[in-house]
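Open the model in your viewer and keep the selection panel at hand. The tour begins at the ligand and then moves to a sheet.

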Amino acid sequence: MCGIVGYLGKNAAPRIYAALKKLEYRGYDSAGIALLSDGKFTVRKKVGPVAGLKIADLAGNCGVGHTRWATHGAPTEQNAHPHVYGRFAVVHNGIIENYRTLKEECLARGEVFSSETDSEVIAHMLEHSYRGDLLEAVRAVTARLVGSYALAILCSDCPETVALAREKSPLIVGRGHVGLWCASDVPALAEKGMQLYPLGDGEFAVLHGDEAAFYDRDGAPLEKKPTLCDAARDTPEKGGFLHFMRKEIAEIPSVLRRRPHALTACGGFYEALCAAEHIGITACGTAYHAGLAAKYAFERLARMPCEVSFAGEYRYYEPIVPEKTLMLAVSQSGETADTIAAARLAKERGAVVAAVVNEEKSTLAALADFVVPVGAGREIAVAATKSYAAQVLTLDSMAASLAERRGLRGYGDLLKELPDLAEETLSVGEGVRAWVAHFLSARSVYFIGRGVDYAAALEGSLKLKEISYLPSEGYPASELKHGTLALIEAHTPVVAVLTSEALAEKTMNAVHEVTARGASVFLVTTVRACAETPGLAGAVLLPQCGDVFSPAISVIPLQLLAYYVSLARGNDPDRPRNLAKSVTVE
Ligand code: F6R
């Protein structure tokens with residue numbers, strides 16, 4: 001949520017602008033840049049994405065920038081960052097939970113606010129606390145903040161200086177061939193060979209001239225060793241596709257092929273998995289759906305009890321953590337605030353925690369006992385696609401290893417076939433283009449399935465709603481007649497997923513029930529006889545992938561459907577409204 005950038009070096013404005021564009025996956029409600037030159041700030045702001053921010057006349061060698069995902073206050077120019085008050089200009093990513101109390105103090109001093117944001121209060125407090133030592137002022141102010149923040153701060157008394165602070169929101173310092181940088185995430189710093197210094201929670205940095213100095217929570221100097229930026233990974237291109245989302249769907253076979261199944265390589269994780277007597281999975285959104293899909297694998301294949309929870313709920317329902325619990329915290333970004341908090345809580349209550357992440361250098365990875373990378377490569381589109389397939393495969397591989405270890409059955413061959421099956425599915429999945437017209441003006445859409453297909457249906461529904469903005473729900477096919485059937489009318493699109501031969505008859509009963517009430521049913525199935533059922537509005541026949549690991553495959557036509565419906569409705573599938581790629585606030 002929100003991307004921040006700071007830069008010290010020649011020609012700062014266009015560099016900050018370009019870096020902000022690479023952070024737009026974190027939010028694109030509004031954007032702004034402040035430059036400090038000759039003790040004066042020049043600020044430019046606009047509503048909407050970074051493109052069009054007027055920077056041509058902005059000269060200076062020191063500045064900060066921001067791309068916003070609105071939390072407090074509507075996406076307006078006034079609420080856009082940087083927030084300037086007195087000698088300070090501030091960009092902020094995070095949420096200041098106690099900002100009302102702090103703002104009251106400022107208002108009591110007679111200070112006037114120009115925005116409705118929680119962030120502006122930081123600039124006011126800095127102005128009030130500053131006694132000539134920038135770091136001390138930043139430390140004094142942040143000591144009073146409750147919540148999460150990554151801050152980049154300019155002070156008009158301190159030329160060529162950017163002060164930084166971090167608590168629960170990511171912030172990385174980068175030293176390039178020219179200039180010193182800070183940013184919320186690596187893509188903004190993706191220059192081959194750039195030295196990267198991630199800040200930890202409670203740490204500070206002061207960039208001045210070409211020096212970067214780091215400090216701990218108490219203000220004591222810190223030595224940090226840099227890692228080198230891998231530009232090839234960190235500067236993804238669309239590679240001939242119109243959108244990142246479409247490209248990332250196309251990458252699923254290679255992601256599955258690349259994914260190393262060797263859990264033994266994850267520093268003792270395999271032993272922890274084998275020692276566990278209970279599996280917990282906690283995650284949000286798509287990652288939660290991957291967890292649900294894996295529950296079937298853990299319980300059916302490995303006979304291992306597995307409980308899946310929404311991370312944002314887990315935190316607050318006083319969870320019971322059985323002895324010998326292995327908690328798998330699943331997150332593409334590794335920065336999702338709720339998942340991080342749930343993992344922390346599980347750890348406090350005695351669970352061994354493994355971070356199942358795409359971003360290995362993330363906050364979640366840092367706090368976990370073990371890190372299991374899903375290896376999807378950087379994912380740019382806001383809607384998760386290839387990372388879902390990689391999460392499902394990674395979790396299913398764990399279940400398969402356990403099953404083998406327990407002498408139940410080997411699944412290695414089936415797992416190995418998945419990349420080829422995904423390749424084939426990509427091509428048959430294009431058939432969904434013929435379905436698009438039925439969805440364009442639907443009042444609501446339903447996705448149904450049973451068993452593991454229900455998990456896939458939930459993910460198909462989420463994908464469609466988030467990028468097409470059509471109201472859509474995922475249901476177990478068995479549940480329709482308990483209420484939802486009342487919503488089915490003539491031409492209501494219903495997408496049924498069916499990969500389980502054993503449950504085919506049951507799912508088809510639900511298909512017949514909705515067809516009888518006028519629904520247009522679209523089937524995604526591995527069962528030829530079902531695909532040939534008369535009266536279907538459309539069918540995609542998937543290759544035989546069995547029903548245990550099928551969500552990694554059956555999701556592909558559902559992702560393609562969401563993509564093509566989104567396009568046909570004139571949306572930008574890569575940047576759905578109101579959403580951001582990493583949800584770093586609660
Ligand atoms: C949907 C989507 C979100 C994320 C969720 C968790 O397409 O991407 O639902 O899955 O915000 O994000 P991570 O996996 O980064 O924890």
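Select the ligand and its surroundings. The shell holds 15 residues, and the closest are Ser 331, Gln 332, Ser 333, Thr 336 and Glu 466; a residue is near a molecule if one of its heavy atoms lies within 4 Å of it. This is a predicted model, where local features need pLDDT of at least 70, side-chain atom pairs count only at pLDDT 80 or more, and totals for chains, interfaces and linings use all residues. Numbering runs from 1 along each chain as its sequence is written, and side-chain values use heavy atoms, with hydrogens and water left out.

Next, show the polar contacts (pairs of N or O atoms within 3.5 Å). A side-chain N or O atom of Ser 333 lies 2.6 Å from a ligand oxygen. The protein covers 89% of the 400 Å² of accessible area that the ligand has on its own (Shrake-Rupley method, 1.4 Å probe).

Now colour by domain, with bounds from an automatic or database assignment. Domain 2 (236-409) and domain 3 (425-574) both contribute to the shell, so the ligand lies between them.

Move to the open sheet of 5 strands. Its order is β17-β16-β18-β19-β20, with parallel pairing; strands are DSSP runs of E, at least two residues long, numbered from the N terminus, and two pair if DSSP finds at least two bridges between them. β17 (306-310) and β20 (370-373) are the edges; each has a single partner strand, so one side of each lacks a neighbour in the sheet.

Finish on Ala 354, whose bridge partner in β20 is Phe 370.

Key:
A polar contact is a pair of N or O atoms within 3.5 Å; within protein, one must be able to donate a hydrogen and the other to accept it, and residues adjacent in sequence count only if both atoms are side-chain atoms. Helices (H or I, at least four residues) and strands (E, at least two) are DSSP runs, numbered from the N terminus.
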